[in-house]
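Please load the model in a viewer and keep the sequence panel open beside it.

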Amino acid sequence: MNPESRIYVAGRKTLIGAALLRRLKAGGYTRVIEPSPDPDAGDPRQVDRFFETARPDYVFCAAGRSGGILANQKYPADLMRDNLLSACHLLESARRHGTKKLLYLASSCSYPKHASQPMKVESLLTGPLEATNEGYAVAKIAGLTLCRAYRRQYGVKFVCGIPGDPFGPGDDFDPEDSHVVAALIRKIHEAKEAQAGSATLWGTGAPRRGFIYADDLAEACIFVMLRYDGSEPINIAGDWDLSIRELAEAIRDVVGFQGTLFFDSSKPDGCPVKVLDSSPLFGMGWRPTGKLHEALKATYDWFLEKTDAPSARISS
Ligand SMILES: NC(=O)c1ccc[n+]([C@@H]2O[C@H](COP(=O)([O-])OP(=O)(O)OC[C@H]3O[C@@H](n4cnc5c(N)ncnc54)[C@H](OP(=O)(O)O)[C@@H]3O)[C@@H](O)[C@H]2O)c1
């Protein structure tokens, strides 16, 4: 991949894809394809027509809906179908139209529920999945397996990355769809707005997760596109291994909430620890550069801009 390469980011308007677009442009890649409208990855004809005319050399597959626990419980069929179809159609059209390399993004949900921590790719497909997001996880496993199958059958350079828990500008703050960072920012911000003495958060605060700033993730994806060409997926996480309590405290500082954080232990915690082993990526020479406070602040600023909350914006 060089500055002249034709690059397409599927899913370029949301968290990961938007960060990829930002980092590619900042990195001097001048031929990033931005079709209007984007092809619907669920429709094989639209996808194929796009690849036939645009002929992207490099493709980042960040399309396919994801969501938090509520979205996974309410829309398991939609999430599974969207991810299955997106992977099938994007990979097949990339193969048919001569894409030089493709990076498919799976998910840490692809790992078995009881995988040993930190999770290594050797654990994939070795045990039962977390039931609440099984449909989505199976679709992502299908996507990563499809990359391997295309490599074996067609000799194409399709690789798969498994991101940690990303957050950043462009994150989904919808109470039903959001992941933990966005959900905590919203709750703590709302407690501040309401001048409440405390913000109530789900669970004990003890579970640990491996967070990564979306721009670091995007840089890592570009690095993987440039430097990795293996049939095994590669974990892409940063080095912020935090408990939910530590994360919430950092968000409280960024939001400027003076109240206390109350952890409601009657609500579920989920897995006690879920972090990815990124040592293979780090061993190749990549390291995240983002700073936690700055990354959370950029995310909060974006949220304020989108929610148009004047009082909060003044005090931020
Ligand atoms: N966010 C996370 O925590 C996380 C973690 C690991 C992996 N991932 C994976 O990384 C990818 C990107 O995640 P994200 O959080 O940035 O995005 P997201 O909020 O899950 O949204 C999915 C993206 O895919 C696009 N998309 C969905 N269905 C599509 C279709 N049929 N045709 C074309 N585009 C479609 C959406 O475009 P529209 O908005 O225009 O529909 C959106 O840009 C997803 O596949 C997700 O599974 C996400």
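**The ligand shell**

Begin with the ligand. The largest share of the shell around it, three residues, comes from α1. The coordinates belong to a predicted model. Displaying the whole shell brings up 24 residues, the closest being Gly11, Ile16, Ala41, Gly64 and Ser66. Colour the shell by residue class, and it divides into eight nonpolar, nine polar and seven charged residues. Then highlight α1 (15-26), α4 (76-96) and β6 (165-167), each of which supplies at least two residues of this shell.

**Helix α4**

Which residues of α4 are buried? Leu79, Met80, Asn83, Leu84, Ser86, Ala87, His89, Leu90, Leu91, Ser93 and Ala94 are. In reading such a pattern, recall that an α-helix has 3.6 residues a turn, so residues three or four places apart point the same way. Just after the helix, select Gly98, which takes a positive phi of about 75°.

Next, show the strands as a cartoon.

Strand β1 (residues 7-10) pairs with β2 in the parallel sense over two bridges, and Tyr8 stands opposite Ile33 in β2. β1 also pairs with β3, again in the parallel sense, over four bridges; here Val9 stands opposite Phe60 in β3. Four bridges then join β3 to the parallel strand β4 (residues 101-105), where Leu103 stands opposite Phe60.

Stay on β3 (residues 58-61) and display its side chains. Tyr58 and Phe60 point one way, Val59 and Cys61 point the other way, and all are buried. In a regular strand the side chains alternate between the two faces of the sheet.

**The two domains**

Colour the chain by the domain assignment, which gives domain 1 (7-167 + 210-236) and domain 2 (180-208 + 242-272 + 291-315). Their C-alpha centres lie 28 Å apart. Where they meet, five residues of domain 1 are in contact with seven residues of domain 2. On the domain 1 side, β6 and β8 (208-213) are the elements that give two or more residues. The residues of that side divide into three nonpolar, one polar and one charged.

Select Val255, in helix α8 (residues 244-255). Is this residue buried or exposed? Val255 counts as buried, because 27 C-beta neighbours lie inside 10 Å. Leaving aside its neighbours within four places in sequence, Val255 is in contact with Ile185, Ile188, His189, Lys192 and Tyr300. Tyr300 is 45 residues away from Val255 in sequence, with a C-alpha to C-alpha distance of 7.3 Å.

Move to Ser279, in helix α9 (residues 279-283). Ser279 counts as exposed, because it has 11 C-beta neighbours inside 10 Å. Its C-alpha is 9.6 Å from that of Ile234, although Ser279 and Ile234 are 45 residues apart in sequence.

**Backbone geometry in the loops**

Finish with the loops. Most residues other than glycine have a negative phi, and most peptide bonds are trans. The following selections depart from that pattern.

- Ser36 to Pro37: the peptide bond is cis, with omega near 0°. Pro37 is in the loop between β2 and α2 (44-54).
- Gln117 to Pro118: this peptide bond is also cis, with omega near -10°. Pro118 is in the loop between β4 and α5 (134-154).
- Arg55: phi is positive, near 45°. Arg55 sits in the loop between α2 and β3 and is partly exposed, with 13 other C-beta atoms within 10 Å.
- Gln195: phi is positive, about 55°. Gln195 lies in the loop between α6 (180-193) and β7 (198-202) and is exposed, with 9 other C-beta atoms within 10 Å.

How values were computed
Residues numbered from 1 in each chain as written. Predicted model: local features only at pLDDT ≥ 70, side-chain atom pairs only at ≥ 80, totals over all residues. Near = placed C-beta within 6 Å. Nonpolar A, V, L, I, M, F, W, Y, C, P; charged D, E, K, R; others polar. Buried ≥ 20, exposed ≤ 12 C-beta atoms within 10 Å, placed from the backbone. Domains from an automatic or database assignment. Contact = placed C-beta atoms within 7 Å. Pairing = 2+ DSSP bridges.
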